[in-house]
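Look at the sequence and the structure below. A few questions and answers follow.

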Amino acid sequence: MDPAGDLLPEAAADGGLTTGAVARLLGVAPTTLRSWDRRYGIGPAARQDGRHRRWTGADIAALRHMCALTSSGLPPAEAARTVLAGTAGPSGTPRPTRAPRASGPLPVGRARQECRGLARAAVRLDAPALDELLTTVLDRYGLPAAWDEVLMPVLHAVGRKWETAGERYIEVEHLLSWHVSGALRGVAAGRSPAPGACLALLACAPGETHTLALEALAATLVQQGLPVRMFGAAVPAGALEDAVRRTGPAAVVLWAQSRKTASPALVARLDAIEWGVRGARRRPVVCVAGPGWAGRQPPGVRHLSGLADAVDTLGTL
């Protein structure tokens, strides 16, 4: 059952939904809805007090049609003409328009409603909607829960769709990843580490380019007052060893998305690094994270099984 559909009778009985509520329902930025109303006439039939938009069930059905057409690659102006013309078959099913450039929704399954909203916005390449939805999700759930229950499922869905659709969805993945990365940096912006907190150094293994999970960890640690050095993608082994010696971190987290990039040899080299005066030398706690380490966890090294586990482990050092 579509949770959005459950709201339509309520919307009609209550005199319609506000623009903000409809935007959350469909995964469209409020500015996009206002633009469609102003430019193309895809707007509410009635306005409260003559000014405020109130969307009824019929209005929302038209918006659903508009969203479906634009998600399939149809330009907004042409999609609006189709919706306003009411081009539907005898059963009420919209007639085919042109061949779509991208087809079908992202496979988010029985995930939170916010997942479907983000997925729809990503497929439409609707950057304002992505920013608004990401801000809402992070504010509502907090970073760890938002990452595990909303952001990661949508990112995985985009990845699965891209794998089965050639290059047709690569622009969707790139846009979504860019906006998720920006939202994560915004969460951590301006936070100062707590006095005396231990430093964590985060890096992807050499050759590894997937950084978002590590960015989520960095943002969460910064939120909790822990100092972080985030080195990002594909850090060469020598550079990473030099960074450990120069910063003297309490912990090093090495991310690997695939078995190809997981390097037990590099972990052993990092684990052997020492610094400090003779008689009081220190070594970092080396942790590995990411699916690439499954079945390849080096002995004596901590494996971080997820964002919450990583935060708990690093917070106790």
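**Pocket and cysteines**

Q: Which elements each supply at least two residues of the lining of the largest pocket?
A: Helices (H or I, at least four residues) and strands (E, at least two) are DSSP runs, numbered from the N terminus. This is a predicted model, where local features need pLDDT of at least 70 and side-chain atom pairs count only at pLDDT 80 or more, while totals for chains, interfaces and linings use all residues. Residues are numbered from 1 along each chain as its sequence is written, and side-chain values use heavy atoms, with hydrogens and water left out. The elements are α8 (143-164), α9 (170-188), α10 (212-223), β7 (302-304) and α13 (307-315).

Q: Which element gives the largest share of the lining of the largest pocket?
A: A pocket is an open set of points on a 1 Å grid over the protein atoms alone, where a 1.4 Å probe fits, with protein on both sides within 12 Å along at least five of seven lines; lining residues have an atom within 4 Å of a point. The largest pocket is lined by 32 residues. Nine residues, the largest share, come from α8.

Q: Is C204 buried or exposed?
A: Buried means under 20% relative accessible area, exposed over 50%, and partly exposed in between (1.4 Å probe, protein chains only). C204 has a relative accessible area of 0%, so C204 is buried.

Q: How many disulfides does the structure hold?
A: A disulfide is a pair of cysteine sulfur atoms within 2.5 Å. The number in the structure is zero.
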